[in-house]
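Here are my notes for your first look at this one. Open the structure and follow along point by point.

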Amino acid sequence: MLEINNLHCKIEGRSILKGINLKINKGEIHAIMGPNGSGKSTLANVISGHEDYEITKGNIFFKDQEINEFSPEERAHEGVFMSFQYPVEIPGVTVTNFIKTAINESRKSKGLDEMPSSEMLKKIREKAALLEIDSNFLSRSLNEGFSGGEKKRNEIFQMAMMEPELAVLDETDSGLDIDALKIVANGVIKCSNDNNSVLVITHYQRLLDYIVPDYVHIVMDGKVVKSGDKNLAKKIEEIGYDWLKNAKS
Amino acid sequence: MAYTEEELKKQLETKEYEYGFYTEIDSETFPVGLNEEIVKAISKKKNEPKWMTDWRLDAYSTWKSMEEPNWSNLKYSKPNFQDISYYSAPKKKPDLKSLDEVDPELLKTFDKLGISIDEQKKLSGVAIDVVIDSVSVATTFKDTLEEKGIIFCSISDAIQNHPELVRKYIGTVVPKKDNYYAALNSAVFSDGSFCFIPKGVKCPMELSTYFRINQAGTGQFERTLVIADKSSYVSYLEGCTAPSRDENQLHAAVVELIALDDAEIKYSTVQNWFPGDKKGKGGVYNFVTKRGICHERSKISWTQVETGSAVTWKYPSCILKGNNSIGEFYSIAVTNNFQQADTGTKMIHIGKNTKSTIISKGISAGKSQNSYRGLVQISPLAKYARNFSQCDSLLMGNKCGAHTFPYIEVQNKTAQIEHEATTSKIGEDQIFYCNQRGIDTEKALALIVNGFSKEVLNKLPMEFAVEAQKLLEISLEGSVG
């Protein structure tokens with residue numbers, strides 16, 4: 001599904017990623033952990049195609065094609081979704097209108113007609129129920145005046161609606177209380193299947209109790225310094241990252 | 001002193017020589033420059049009664065003593081008023097045989113606006129049989145209106161056929177001396193629309209939706225007078241979403257609305273005059289005076305979408321004279337490239353329990369400047385008057401400007417005034433967020449701008465709203481690189 005080879009990238013002349021390697025197969029859930037400033041969010045942005053990040057070396061393959069030069073919207077049309085750490089507000093644009101536009105733009109790129117309203121409505125109801133979102137929420141302006149929890153829930157709602165092949169969740173757990181965390185994690189689990197993949201970026205192992213990863217990677221100073229299974233995340237939770245510093249080459 | 005027809009003719013003949021102008025009655029264009037003779041000639045050309053000629057002359061002498069205002073937040077080279085021709089018959093568009101002969105750029109815009117093929121033909125002056133159909137449609141409309149006693153015609157026709165109404169109301173809301181451009185318009189107005197809704201009649205259709213094409217030729221000094229008699233209702237649409245490429249650089253229109261007791265007037269405008277090119281060359285100066293007066297329990301609602309013109313100077317206002325009357329102003333002003341807009345409203349509260357609402361949305365892109373200027377005035381008599389104002393500005397890029405100049409004058413302690421203002425910038429993070437969801441930048445901008453303008457777009461009549469929404473998108477195309 002996703003293969004990243006020796007990825008280096010810069011923002012404003014500063015090197016952030018210094019040779020990331022990562023391979024995610026269909027149906028797998030991967031987690032990335034690491035201390036502040038290690039390059040986790042940068043990785044999410046680079047996968048999504050944020051133009052501020054310049055790839056200086058290496059490549060990103062998605063579904064066996066190199067996507068280094070793809071625009072963010074082209075990647076989205078291919079099936080890449082990112083749940084934002086800080087979702088932006090768009091006043092006057094309702095959640096429903098936004099998701100409708102997003103879905104139809106992706107369909108348009110594939111030469112499909114707009115999704116019929118009845119089908120859209122049915123899907124919205126189904127996914128809203130999954131994330132325990134009530135209908136008032138859907139007619140509010142996108143993220144405007146949303147609580148931290150509502151914003152994150154809305155991100156996962158959009159993910160559920162768009163049915164991406166690869167979902168990158170950038171610190172989706174930050175700012176969530178335990179009940180909201182469970183709802184969000186449950187939403188992710190329900191949407192995950194043998195044909196899609198999830199990349200969870202987090203500071204805390206707490207989220208991984210609910211979204212259990214197949215693999216855990218530790219990123220430090222722009223590189224993957226250690227990979228393992230869910231027990232690696234537990235170990236980090238107990239003893240921190242210091243012991244890995246020596247692992248850096 | 002007044003001239004007789006003969007004297008005037010003689011005078012004109014002499015002038016002909018003096019200025020080298022051609023006086024044949026059918027001449028299409030007057031020589032450049034403005035003086036009393038020109039004013040008289042315009043009036044004569046339109047076969048106006050003496051009171052109208054005198055009215056124009058009075059306006060002219062007022063105008064002569066006035067100075068062009070300088071207080072706006074606009075920079076432009078002042079027009080030379082002696083360099084303009086003050087009368088030209090509605091220009092006949094060249095007769096084209098098919099749409100193939102029309103400027104393809106224009107057709108592209110029509111398509112984007114979703115204007116039907118037939119209408120495209122009409123707008124671009126293609127001679128077609130369909131016109132016959134539309135004439136019959138027009139007749140049907142006219143019959144319906146006549147049945148209800150509604151008068152809807154050009155102001156020139158109204159001066160001929162309903163002089164008592166015109167004479168009673170013209171200049172009562174925007175006096176001749178009101179301001180420099182209003183005085184100029186009063187002296188030389190070429191044509192415009194007149195509308196009278198009789199007592200208790202609800203006008204069954206949006207006036208001028210159909211007639212918008214006819215309006216295109218009304219010239220640069222347009223005069224509109226709308227009178228809603230007691231307990232009547234009318235929704236009036238002005239303008240056209242299709243781009244108007246006009247040779248006239250200066251447009252100075254006057255619109256007067258009169259809402260008698262319990263009447264309601266809804267006046268919607270879409271202004272899309274040529275804004276000049278990307279480098280700021282050319283474009284129309286649009287200096288308009290629009291004002292309405294509300295009598296007891298009546299209501300006037302202005303809605304405008306301003307996307308065109310190089311320079312816009314416009315403050316549709318309400319005089320809330322009657323007790324319990326209501327004034328509303330909903331505006332979207334878009335400026336791009338080098339456009340400048342100084343627009344807003346005045347709400348003059350005189351009656352008791354008068355209410356006004358102002359919602360202004362300014363969108364600036366490119367190197368444009370967009371100003372909101374509004375006055376809320378509560379007179380000592382206006383007990384329990386209320387106003388709510390909201391002025392939001394949206395900036396695209398970092399070379400444009402948004403300015404807000406709210407003036408509030410309260411002379412009554414019982415008044416309640418609220419003013420809210422916000423300025424925001426379309427952020428790269430918003431664009432990226434949309435991009436990540438598969439929405440390209442152009443579409444993302446449209447989404448954000450429409451969201452921003454929604455409260456005002458919702459106030460437009462349905463069919464107009466759809467076109468206006470597309471117009472916003474077109475106006476801002478290519479504004480974020």
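1. Start with a helix pair in chain A. On the α6(A) side, G149(A), K152(A), R153(A), I156(A), M159(A) and A160(A) meet A180(A), I183(A), V184(A), G187(A), V188(A) and C191(A) of α7(A). Contact here puts the C-beta atoms, placed from the backbone, within 7 Å. By class, eight of the residues in this contact are nonpolar, two polar and two charged. (Ala, Val, Leu, Ile, Met, Phe, Trp, Tyr, Cys and Pro count as nonpolar, Asp, Glu, Lys and Arg as charged, and the others, Gly among them, as polar.)

2. Before going on, some housekeeping. This is a predicted model, where local features need pLDDT of at least 70 and side-chain atom pairs count only at pLDDT 80 or more, while totals for chains, interfaces and linings use all residues. Residues are numbered from 1 along each chain as its sequence is written, with chains lettered from A and ligands numbered from 1 in the order in which they are written. Helices (H or I, at least four residues) and strands (E, at least two) are DSSP runs, numbered from the N terminus.

3. How do the two helices cross? The axes of α6(A) and α7(A) (residues 178-191) come within 10 Å and cross at roughly 10 degrees, so α6(A) is roughly parallel to α7(A) (angles under 35 degrees count as such). Axes are lines fitted to C-alpha atoms, for helices over the stretch in contact, and angles run from 0 to 180 degrees between N-to-C directions.

4. Now look at what α6(A) (residues 148-162) lies across: β6 and β9 of chain A, with the helix running at about 165 degrees to β6(A). Those two strands pair in the parallel sense over four bridges (pairing needs at least two DSSP bridges). V80(A) has L166(A) in β9(A) as its bridge partner.

5. Zoom out to the sheet. Six strands form an open sheet in the order β6-β9-β10-β3-β11-β12 (chain A), with mixed pairing. Its edge strands, β6 (80-83) and β12 (223-228), each pair on one side only. On average, neighbouring strands are turned by 20 degrees against each other, direction ignored.

6. Most residues other than glycine have a negative phi. K63(A), though not a glycine, has a positive phi of about 50 degrees, and it is found in the loop between β4 (53-62) and β5 (65-66) of chain A.

7. Chain B has a case too: N324(B), also not a glycine, has a positive phi of about 60 degrees and lies in the loop between β11 (317-320) and β12 (326-335) of chain B.

Technical notes. Two residues are in contact if their C-beta atoms, placed from the backbone, lie within 7 Å. Angles under 35 degrees count as roughly parallel, over 145 as roughly antiparallel, 65 to 115 as roughly perpendicular and the rest as oblique.
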